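User: Hi, could you help me work through how some helices pack in a structure I'm looking at?

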Amino acid sequence: GAQIGVINALFQSTIFLIVPLWGFIADKQGIRLTLGWVCLVTAIIILFLGKIQAFGFVLFYILLLSVFHHPLGPLTDALAVQFSKTTNLYNYGKLRFWGSFGWAIASILGGFLFIHIAIDYIFPVSALFFLSIIFFLKIPRKRKIIYKSNFQPFDLMNIFHRFYPCPLTHPAI
């Protein structure tokens, strides 16, 4: 139980550093290209995850997996936002709804399927799904999106004062 807790804590603790780093890379290299590489490396790592037995190696492997797995959600969301801006057929909310619905159905069906087949197939099947994302990223776009990142410096005090304005500096409150 303690080892599982350590593994989960390690996996979750890297999200604060990894996601902004990959966001910066995606702003420079493009979301599709970055997402493709992240999916490829994640597929390779997940393929061999079930073969590792020693706790120390699992810790290292989970740390490595977290570096490439954590940016998948934010990069996919960024791609969905770009897509919703270029077409009037879909908005971001609909894309998120159907993506969440598909994820829930696939999780339930996958759980039932792996109970009846064998749990050993879960890692290779997961790797195949990550590789299939790369295939879908290769589908040509109708409109080319040119995205310019807009970085503005900020500090925590500015964010705090935006939500909790000081009565001395904002007399209208």
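This is a predicted model: local features need pLDDT of at least 70, side-chain atom pairs count only at pLDDT 80 or more; totals for chains, interfaces and linings use all residues.

User: Okay, how do α3 and α7 cross, and at roughly what angle?

Analyst: Helix α3 covers residues 31–47 and helix α7 covers residues 122–137, and their axes come within 8 Å of each other while crossing at roughly 165°. Angles over 145 degrees count as roughly antiparallel, and α3 and α7 are therefore roughly antiparallel to each other.

User: And is that crossing left-handed or right-handed?

Analyst: The crossing of α3 and α7 is left-handed.

User: Which residues make the contact?

Analyst: On the α3 side the contact includes R32, L35, G36, C39 and L40, and among the α7 residues that take part are F123, P124, F130, L131 and I134. Sorted by class, the contact of α3 with α7 has 15 nonpolar, three polar and one charged residues.

User: Switching topic, how do the axes of α3 and α4 cross?

Analyst: Helix α4 spans residues 55–69, and its axis and that of α3 come within 9 Å and cross at roughly 155°. That angle makes α3 roughly antiparallel to α4, and α3 passes α4 in a left-handed crossing.

User: Which residues meet there?

Analyst: From α3 the contact is made by V38, V41, T42, I44, I45 and I46, while α4 brings Y61, L64, L65, F68 and H69.

User: How many of those are nonpolar, polar or charged?

Analyst: The contact of α3 with α4 has nine nonpolar and two polar residues, with no charged residues.

How values were computed
Residues are numbered from 1 along each chain as its sequence is written. Side-chain values use heavy atoms; hydrogens and water are left out. Axes are lines fitted to C-alpha atoms, for helices over the stretch in contact, and angles run from 0 to 180 degrees between N-to-C directions. Helices (H or I, at least four residues) and strands (E, at least two) are DSSP runs, numbered from the N terminus. Angles under 35 degrees count as roughly parallel, over 145 as roughly antiparallel, 65 to 115 as roughly perpendicular and the rest as oblique. A crossing is left-handed if the near helix is turned anticlockwise from the far one by less than a right angle, and right-handed if clockwise. Contact means heavy atoms within 4.5 Å. Ala, Val, Leu, Ile, Met, Phe, Trp, Tyr, Cys and Pro count as nonpolar, Asp, Glu, Lys and Arg as charged, and the others, Gly among them, as polar.
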